[in-house]
Amino acid sequence: MFLKYKPTHVIHLAAKVGGLFGNLSANLEFLRKNIAINDNVLAMAHKTGVQNVVSCLSTCIFPDKTTYPINETMVHNGPPHDSNYGYSYAKRLIDILNRGYNNEHGRNYTSIIPTNVFGPEDNFNIQQGHVLPGLIHKIYLAKLEGKPFTVWGTGKPRRQFIYSRDLARLIIWVLREYKETEPIILSVGEENEVSIKEAAEQVAIAMDFKEGFLFDTDKADGQYKKTADNTKLRKYLPEFQFTPFAQALKETCDWFVENYHRARK
């Protein structure tokens, strides 16, 4: 593909990804496949003369034992959470590869660290997908059956969610304007962090679901919080406007209902 299209800029989003329970069941597979993907993409980019690459990391790569909020300087400060160590270590190595290509070959390879991404065209698989698309799919089915839906875990863990359409705008900015090798966190502010319980309530409102929900506390919660500091982003883009969470959720839920038969699930 690199030889055919000869790109000058690359946005590297290719990965084997999954939610908490997908990672728990296959950490070795997540490690090996993502190491291979990342090494292949960056090696071919360099070999074919690509000067600018933006790769995508994740807040789950940060140390499990850390202080909050987390920032870009803390990626390698300790081991990640056991639930997704394979994916996390593979993603951390992108930062090391970027340093190598930039130091030894003068490339402009960098990475972004978005918080929990959601939006239209997401993976809505209940077993393998991330939390918001999984909740949307569960509520869709519960609404058809007229009964409550189940939230896995206690609902207490907290997350910052970023709408995929906001993230897309920020990625284009990074590709064109951001010149640092070090990663940059792309996230809403700390004040926009919500619990999984609050997220479930917001999805229910967006889908006009009134049957309530239960918690399956036998299921793992995963990492309790991953609060990210977006100070660096705000230094560059102080006026950037994120789509309000309720609006972004409504647009995502509407898309899923309208496209149920072709959505990934």
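Okay, hi everyone. Before anything else, keep in mind that this is a predicted model.

Let's start with the sheet. What order do its four strands come in? Going across, you get β1-β2-β3-β8, and the sheet is open, with parallel pairing. At the edges sit β1, residues 9–12, and β8, residues 184–186; each has a single partner strand, so one side of each has no neighbour in the sheet. If you compare neighbouring strands, they're turned by 25 degrees against each other on average, ignoring direction.

Now zoom in on one pair. β2 covers residues 52–56 and β3 covers residues 108–114, and the two are joined in the parallel sense over five bridges.

α4, residues 85–105, lies across β1, β2 and β3, and it runs at about 155 degrees to β3.

As background, nonpolar side chains tend to be buried together in soluble globular proteins. Here the largest nonpolar core has 28 residues. Which residues have the most contacts inside it? Those are Leu 132, Phe 149, Val 203 and Phe 256. As for where the core residues come from, α5, β5, β7, α7 and α9 each supply at least two.

Take Val 203: leaving out residues up to four places away in sequence, it touches Leu 132, Leu 135, Ile 136, Ile 139, Leu 249 and Cys 253.

And apart from that core lies another, of 18 residues, including Ile 162, Leu 170, Val 174 and Leu 186.

That's my tour, thanks.

Definitions and conventions:
Residues are numbered from 1 along each chain as its sequence is written. This is a predicted model: local features need pLDDT of at least 70, side-chain atom pairs count only at pLDDT 80 or more; totals for chains, interfaces and linings use all residues. Side-chain values use heavy atoms; hydrogens and water are left out. Two strands pair if DSSP finds at least two bridges between them. Axes are lines fitted to C-alpha atoms, for helices over the stretch in contact, and angles run from 0 to 180 degrees between N-to-C directions. Contact means heavy atoms within 4.5 Å. A nonpolar core is a set of buried Ala, Val, Leu, Ile, Met, Phe, Trp, Tyr and Cys residues joined through side-chain atoms within 4.5 Å. Buried means under 20% relative accessible area, exposed over 50%, partly exposed in between (1.4 Å probe, protein chains only).
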